[in-house]
Amino acid sequence: MKLSRFLVFAGFVLMLAGCESVSERISDRFDLVPPKTQSFNGDKETVFLAAQRALKRMDFVTTRRAAAQGVINARSGIRDTAVFGAGRQFTFEIRLRSVEPRNTEVDVQLIEILEGDFKAGATTRPLRVHGLYESFFEQLDRAMSDGVSPVKPSS
């Protein structure tokens, strides 16, 4: 009798512990992820061209660019995951805004797209932390240092 009470109590404690971790995962999925922001010395047009060059160096394909709005969207190639038949892709959503005549802020949002071997479709989630943020900002800084030339459209 004591053993069954203990098992019921232990099960109840485990259930409560599981609820907390499930609620954390759910809140992580639906919380707004703020973009990473960094300032660059340069006018908006120069930084816009350098951002495209940085994405190209990282093997991302530009899918949308609007210089007047300061918007660039780009995607990576599809990469295989450890699960057979599953794929992962990353997209960048970049927004530029002039803060001063020679200073531009760059907001970057990285989104991960996962698709498994199921027919349910892909899932997307913005990432709070990932090495691609630092890689992009380093490449952008390098492109600004190298001098910017117009970027050929990528297909």
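Colleague: Why does Gln109 count as buried?

Modeller: Buried means under 20% relative accessible area, exposed over 50%, and partly exposed in between, with a 1.4 Å probe and protein chains only. Gln109 has 14% relative accessibility, so Gln109 counts as buried. This is a predicted model, in which local features need pLDDT of at least 70 and side-chain atom pairs count only at pLDDT 80 or more, while totals for chains, interfaces and linings use all residues. Residues are numbered from 1 along each chain as its sequence is written, and side-chain values use heavy atoms, with hydrogens and water left out.

Colleague: Which residues is Gln109 in contact with, leaving aside its neighbours within four places in sequence?

Modeller: Contact means heavy atoms within 4.5 Å. Among the residues that Gln109 contacts are Val33, Thr91, Phe92, Glu93 and Tyr133. Gln109 itself is found in strand β6; strands (E, at least two residues) and helices (H or I, at least four) are DSSP runs numbered from the N terminus.

Colleague: What makes β5 and β6 a pair of strands?

Modeller: Two strands pair if DSSP finds at least two bridges between them. β5 and β6 have 13 bridges and pair in the antiparallel sense. Gly87 stands opposite Glu115 in β6, and a hairpin joins the two strands through two residues. β4 (residues 79-80) also pairs with β5 in the antiparallel sense, over two bridges.

Colleague: Why is the pair of Phe60 and Phe92 called tilted?

Modeller: Rings of Phe, Tyr and Trp (its six-membered ring) pair if their centres lie within 6.5 Å; planes under 30 degrees apart count as stacked, over 60 as edge-to-face and the rest as tilted. The centres of Phe60 and Phe92 are 4.9 Å apart and the planes stand at 50°, so the pair is tilted. Phe60 is in the loop between α2 and β2 (61-66), 32 residues from Phe92 in strand β5.

Colleague: What is the geometry of the pair formed by Phe92 and Phe136?

Modeller: That pair is tilted too, at 5.4 Å centre to centre and 40° between the planes. Phe92 lies in strand β5 and Phe136 in helix α3, so the pair ties together parts that are 44 residues apart in sequence. Phe136 has a relative accessible area of 0% and is buried.

Colleague: How do you know that the charged end of Lys36 sits over the ring of Tyr133?

Modeller: A charge sits over a ring if NZ of Lys or CZ of Arg is within 6 Å of the ring centre and within 35 degrees of the ring normal. The charged end of Lys36 is 5.6 Å from the centre of the Tyr133 ring and sits over that ring.
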